[in-house]
Amino acid sequence: MRMSTDKIALVTGGSRGLGKNTALRLAERGHDVVLTYQSRQADAEAVVAEIRGKGRKAVALALDTGKAGSFDGFATELSGRLRTEWDRGSFDFLINNAGIERNAPIAATAEEEIDALYAVHFKGVYLLTQKLLPHLSDGGRIVNFSSGLARFSLPGYAAYGSLKAAVEAFTRYLAKELGPRRINCNVLAPGAIDTDFTRPGFDAHPGVREAIASQTALGRIGEPDDIGGVVAFLCSEEARWINGQRIEASGGIFL
């Protein structure tokens, strides 16, 4: 059932994959959306058009979450768009979804790869959240994306999984410190999801989809539609008592 709530969500990396699905599911729940993109402006504007087609407002803003030096400018731009589009000075839901992938064994992981992952998956999440806290409404929500790889281990993902585990710890601290503002902070950890983000890795290793499906209780790998609705739920009134938690949406992989 669609319920209009007149709330605004900010979804990083909303031009494709899980970010796009999240933005669309939030719009279907009656929320307006600000989505960010790094380089896929045309894709982002297509998502904006789709959200508007659902009767909600949406805008797309450029943001590289790996460049913390740009966050001041982004916060200023966001504040301006909130004023012009919504006549508001704040938004309600922060969804830290944007990400990159690097895959290498520990012995072969280059320092540059670790730095790139760190910049996006931990430093970027931490500092962007910090920068946007003054613009986040009291009683709002923060949902940080983690990964099943923070719980189970697969060769080649040591740096990625470790940084996602750091985001999970950060989220618990957020929940503690933002409790007085009644801001719920949770982590969503998808399992293996077939998107354009993960597809090159799947395609490079024939049979990996089937192998993952065989180790998943529900017998398949995930799809974007398995994830966006969970984020929308965590932003709902029904989820008001869920706070500081890690929610894994993986179909029961490696139980």
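Sheet first: I find seven strands in an open sheet, ordered E3-E2-E1-E4-E5-E6-E7, with parallel pairing. Strands here are DSSP E runs of at least two residues, helices are H or I runs of at least four, both numbered from the N terminus, and two strands pair if DSSP finds at least two bridges between them. E3 (58–62) and E7 (246–249) stand at the edges with a single partner strand each, so one side of each has no neighbour in the sheet. From one strand to the next the twist averages 20 degrees.

This is a predicted model, so I note that local features need pLDDT of at least 70 and side-chain atom pairs 80 or more, while totals for chains, interfaces and linings use all residues. Numbering starts from 1 along each chain as its sequence is written, and side-chain values use heavy atoms, without hydrogens and water.

I zoomed in on E1 (8–11) and E4 (91–96), which pair in parallel over three bridges. Ala9 sits opposite Phe93 in E4.

Next, the pocket (an open set of points on a 1 Å grid over the protein atoms alone, with protein on both sides within 12 Å along at least five of seven lines; lining residues have an atom within 4 Å of a point). Which residues lie nearest the centre of the largest one? I get Ile100, Glu101, Tyr160, Phe197 and Thr198, out of 50 lining residues. H4 gives the largest share of that lining, four residues.

Definitions and conventions:
Axes are lines fitted to C-alpha atoms, for helices over the stretch in contact, and angles run from 0 to 180 degrees between N-to-C directions. On a 1 Å grid over the protein atoms alone, a cavity is a set of points where a 1.4 Å probe fits but cannot get out, and a pocket is an open set with protein on both sides within 12 Å along at least five of seven lines; lining residues have an atom within 4 Å of a point.
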